[in-house]
Amino acid sequence: MTTTKQPVLYRQGTGFWSMTAKWVLVFGAVSLLDGLIRSWGHALVWPVIGILLWVPFGIGVVWYAKKDQLVTLTTGELRIRRKRLPMEQVNLLHVARLWLEGRSTADEQPVPEWARSLRVVWVPLLDGRAYGVEFRDPAAFAKVFGAFAVATCGGPETVRTRAAAATYPEPRPMRARSGDAGSGPDLMDVFG
């Protein structure tokens with residue numbers, strides 16, 4: 001039995017190394033500036049402070065925050081951390097119809113107008129439910145996911161024709177958003 005590797009359409013990493021590099025740059029610059037102003041002995045305090053602050057925030061916030069979870073979209077599945085959602089369970093016609101209308105999945109607001117605090121993209125399932133996935137940049141994922149759904153369903157004209165004839169329930173969210181107005185600002189957005 002041979003398995004073909006599916007092309008990756010979208011990937012979001014944990015952001016751990018990006019955040020760590022920015023953290024090192026900030027405290028490295030402060031240490032260098034302090035070394036130029038005072039003595040190098042005093043400047044070594046800043047990297048120690050940076051490491052002490054990085055450990056709880058770096059590990060706790062970046063590795064375990066929902067918006068920084070590992071997400072991969074392929075032509076066959078959407079993988080969120082270890083959970084796999086096969087495309088056969090996703091209502092791609094609904095995704096394609098909403099994308100052609102300039103909206104995202106189960107969301108009334110046009111994608112280009114999304115505020116940074118709105119991090120959830122709803123993935124509608126064929127059984128009438130919608131699964132919410134949080135992202136650092138939800139508009140980027142929605143763009144790729146919408147274009148993929150339109151292409152999979154046969155193009156814009158086919159989507160419009162099929163959507164006019166199709167009857168399916170409006171997707172119901174499986175769980176509430178992390179807040180009514182979105183996730184709100186995150187301390188790590190300073191480094192994002």
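Guide: Two strands count as paired if DSSP finds at least two bridges between them. In this predicted model, strand β3 (residues 77-80) and strand β4 (residues 83-86) are joined by four bridges in the antiparallel sense.

Visitor: What makes β3 and β4 a pair?

Guide: The rule asks for at least two bridges, and β3 and β4 have four, so they are counted as paired. Within this pairing, E77 stands opposite P86 of β4. The two strands form a hairpin with two residues between them, and R81 in that turn has a positive phi of about 50°.

Visitor: How do you know that strand β2 (residues 71-74) is paired with β3?

Guide: The cut-off is at least two bridges. Three bridges join β2 to β3, and the strands run antiparallel; by that cut-off they are therefore a pair. L73 has L78 in β3 as its bridge partner. β2 and β3 also form a hairpin, with two residues between them.

Visitor: Why are β5 and β7 called edge strands?

Guide: The open sheet of three strands has the order β5-β6-β7, and its pairing is mixed. β5 (120-124) and β7 (172-173) each have a single partner strand, so one side of each is left without a neighbour in the sheet.

Visitor: Why is helix α4 described as roughly perpendicular to helix α6?

Guide: The axes of α4 (residues 92-100) and α6 (residues 156-165) come within 10 Å and cross at roughly 110°. Angles of 65 to 115 degrees count as roughly perpendicular, which makes α4 roughly perpendicular to α6. The crossing of α4 past α6 is left-handed.

Visitor: Which residues of α4 and α6 meet?

Guide: L93, A96, R97 and L100 of α4 meet P156, V159, R160, R162 and A163 of α6. By class, this contact has six nonpolar, no polar and three charged residues.

Visitor: How do you know where α4 stands relative to helix α5 (residues 138-152)?

Guide: Two packed helices are described by the angle between their axes and the distance between the axes. For α4 and α5, the axes come within 8 Å and cross at roughly 115°. α4 passes α5 in a left-handed crossing. Among the residues that meet are V95 and W99 in α4, and F145 and F148 in α5. The contact of α4 with α5 has eleven nonpolar, two polar and one charged residues.

Visitor: What share of the protein is called buried?

Guide: Of its 192 residues, 40% count as buried, the cut-off being under 20% relative accessible area.

Visitor: How many helices and strands does the protein have?

Guide: The protein has six helices and seven strands. Along the sequence they follow the pattern β-α-α-α-β-β-β-α-β-β-α-α-β.

Definitions and conventions: Residues are numbered from 1 along each chain as its sequence is written. This is a predicted model: local features need pLDDT of at least 70, side-chain atom pairs count only at pLDDT 80 or more; totals for chains, interfaces and linings use all residues. Side-chain values use heavy atoms; hydrogens and water are left out. Axes are lines fitted to C-alpha atoms, for helices over the stretch in contact, and angles run from 0 to 180 degrees between N-to-C directions. Angles under 35 degrees count as roughly parallel, over 145 as roughly antiparallel, 65 to 115 as roughly perpendicular and the rest as oblique. A crossing is left-handed if the near helix is turned anticlockwise from the far one by less than a right angle, and right-handed if clockwise. Contact means heavy atoms within 4.5 Å. Ala, Val, Leu, Ile, Met, Phe, Trp, Tyr, Cys and Pro count as nonpolar, Asp, Glu, Lys and Arg as charged, and the others, Gly among them, as polar. Buried means under 20% relative accessible area, exposed over 50%, partly exposed in between (1.4 Å probe, protein chains only).
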